[in-house]
Amino acid sequence: MNPFRYERASDAASAVTLLAGAPNGVFLAGGTNLVDHMKLGVRQPDLLVDITRLPYDRIESLPGGGIRIGAMVRNSDLAADRTIRAHYPLLAQALLAGASGQLRNLATTGGNLLQRTRCVYFQDISKPCNKRVPGSGCSAREGYHRELAILGTSEACIATHPSDMAVAMIALDAIVRVLGPQGERTIPLVDFYRLPGDEPQRDTVLSHGELITAVDLPALPFATRSHYRKVRDRASYAFALVSVAAALDVADGVVRDVRIALGGVAPVPWRATKAEAVLRGKPATEALFRQAADAELAGAQPLPGNAFKVPLARSTLVRTLLDLTEERNRS
Amino acid sequence: MLHEAEAGWPSVVSADLTADHITLDDDEIRERMSGNLCRCAAYANIVPAIREVAQQALRTQQPEQEARR
């Protein structure tokens with residue numbers, strides 16, 4: 001048992017100030033990942049700043065279109081929200097595909113973005129892991145890596161990001177709103193996550209003491225036709241081996257616009273810009289979808305234990321795009 | 001879990017995310033019980049038992065709604 005201090009923040013400014021003065025402190029929201037890490041010894045904070053009473057629990061429409069999701073909105077409430085279900089179905093589906101009902105009731109929007117990898121070596125303090133202890137080495141590369149990444153990896157780290165929600169949000173061009181000791185700033189979600197490089201311990205570009213206050217989703221009318229497809233070892237309560245979040249706008253058989261992100265394949269929720277570029281302006285055919293998937297996966301660097309993810313990601317992406325095209329043809 | 005279905009909250013197996021009413025078929029019940037019950041040796045009659053309770057709840061609700069008209 002490691003002793004720690006606990007403070008409940010009454011407002012955002014004092015939460016930020018409290019943490020700025022505590023280099024080994026952390027914010028506590030739903031606690032569904034952090035508390036596990038404290039039990040396992042993966043993290044040993046000396047201060048927990050409880051932010052669950054901060055007034056960021058609302059989902060609001062933005063004046064110019066789009067929606068603002070408070071950082072403290074619980075995953076279950078976000079998935080059940082009527083606007084999200086109608087306008088951003090891929091996000092509702094991604095949330096509902098994650099964890100279990102009990103965890104979704106506790107987990108927050110901000111906390112979900114900041115989840116750490118479920119790589120077994122990161123969570124086992126008896127094993128080397130560059131993400132947990134920089135410079136200690138990577139146990140996964142030569143060891144068990146079936147669930148780990150095929151894109152965006154480095155010598156130092158091949159971990160995958162575990163979030164389903166973030167994959168949908170990155171496809172939707174979400175923007176993260178942050179409050180820090182230096183004031184407020186906004187970060188596009190696609191720039192929020194870092195590839196591991198030789199600093200795998202840093203998952204995001206956030207500085208110590210910066211607090212996520214909200215996530216903005218811009219209006220994307222064609223996202224009413226969107227889907228999140230998750231492939232996993234069992235039908236429920238498991239992390240993705242591969243997932244695809246996609247929104248597709250087809251008119252007269254031609255792809256007008258498209259958003260695609262992949263989960264379970266990279267250290268970050270992976271925006272599939274190469275696949276999107278292949279698709280835009282071309283006839284929406286299975287052959288084109290295959291070409292797009294191949295373009296995105298051309299840079300994959302699989303290891304023996306996770307090479308299956310390359311064809312799995314290709315098939316899952318093609319199937320998701322076909323489903324979205326067929327759905328349009330039916331209506 | 002029955003209240004969530006009653007409120008129209010979808011699950012990951014719901015085909016229509018915007019439907020007002022959730023029909024608790026076997027797939028919905030299994031998905032919604034995930035995390036509530038251990039699944040390694042799931043007793044086969046759990047699903048029929050939940051279906052029965054959900055239908056009883058519907059039956060007791062409907063006469064009340066009729067009476068209010």
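Visitor: Which conventions apply?

Guide: This is a predicted model, in which local features need pLDDT of at least 70 and side-chain atom pairs count only at pLDDT 80 or more, while totals for chains, interfaces and linings use all residues. Residues are numbered from 1 along each chain as its sequence is written, chains are lettered from A and ligands numbered from 1 in the order in which they are written, and side-chain values use heavy atoms, with hydrogens and water left out.

Visitor: Which residues form the salt bridge between the chains?

Guide: A salt bridge is a side-chain nitrogen of Lys or Arg within 4 Å of a carboxyl oxygen of Asp or Glu. A:Arg82 pairs with B:Asp20, their closest N and O atoms lying 3.1 Å apart.

Visitor: Which residues touch the most other members of the largest nonpolar core?

Guide: In soluble globular proteins, nonpolar side chains tend to be buried together. A nonpolar core is a set of buried Ala, Val, Leu, Ile, Met, Phe, Trp, Tyr and Cys residues joined through side-chain atoms within 4.5 Å; buried means under 20% relative accessible area, exposed over 50%, partly exposed in between (1.4 Å probe, protein chains only). The largest core has 76 residues, and A:Leu91, A:Leu113, A:Met169, A:Leu217 and A:Ile260 touch the most other members. Not counting residues up to four places away in sequence, A:Met169 touches several residues, including A:Leu78, A:Leu91, A:Leu113 and A:Leu217. A second, separate core of 15 residues includes A:Ala9, A:Val16, A:Leu47 and A:Val49.

Visitor: Where is B:Glu31 placed, and why does B:Glu31 count as buried?

Guide: Helices (H or I, at least four residues) and strands (E, at least two) are DSSP runs, numbered from the N terminus. B:Glu31 belongs to helix 2 (residues 26-33) of chain B, and it counts as buried because its relative accessibility is 9%. Leaving aside neighbours within four places in sequence, its contacts include A:Leu96, A:Ala235 and A:Ser236 as well as B:Val13. B:Glu31 and B:Val13 are 18 residues apart in sequence, yet 7.2 Å apart in space, C-alpha to C-alpha.

Visitor: How many residues of helix 5 of chain A are buried?

Guide: In helix 5 (residues 89-96), 8 of its 8 residues are buried. Among them are A:Leu91 and A:Leu96.

Visitor: What does the side chain of A:Lys131 reach?

Guide: A:Lys131 lies in the loop between helix 7 (109-113) and helix 8 (165-171) of chain A, and counts as buried because its relative accessibility is 10%. Its side chain reaches the backbone oxygen of A:Pro200 at 2.9 Å.

Technical notes
Contact means heavy atoms within 4.5 Å. A polar contact is a pair of N or O atoms within 3.5 Å; within protein, one must be able to donate a hydrogen and the other to accept it, and residues adjacent in sequence count only if both atoms are side-chain atoms.
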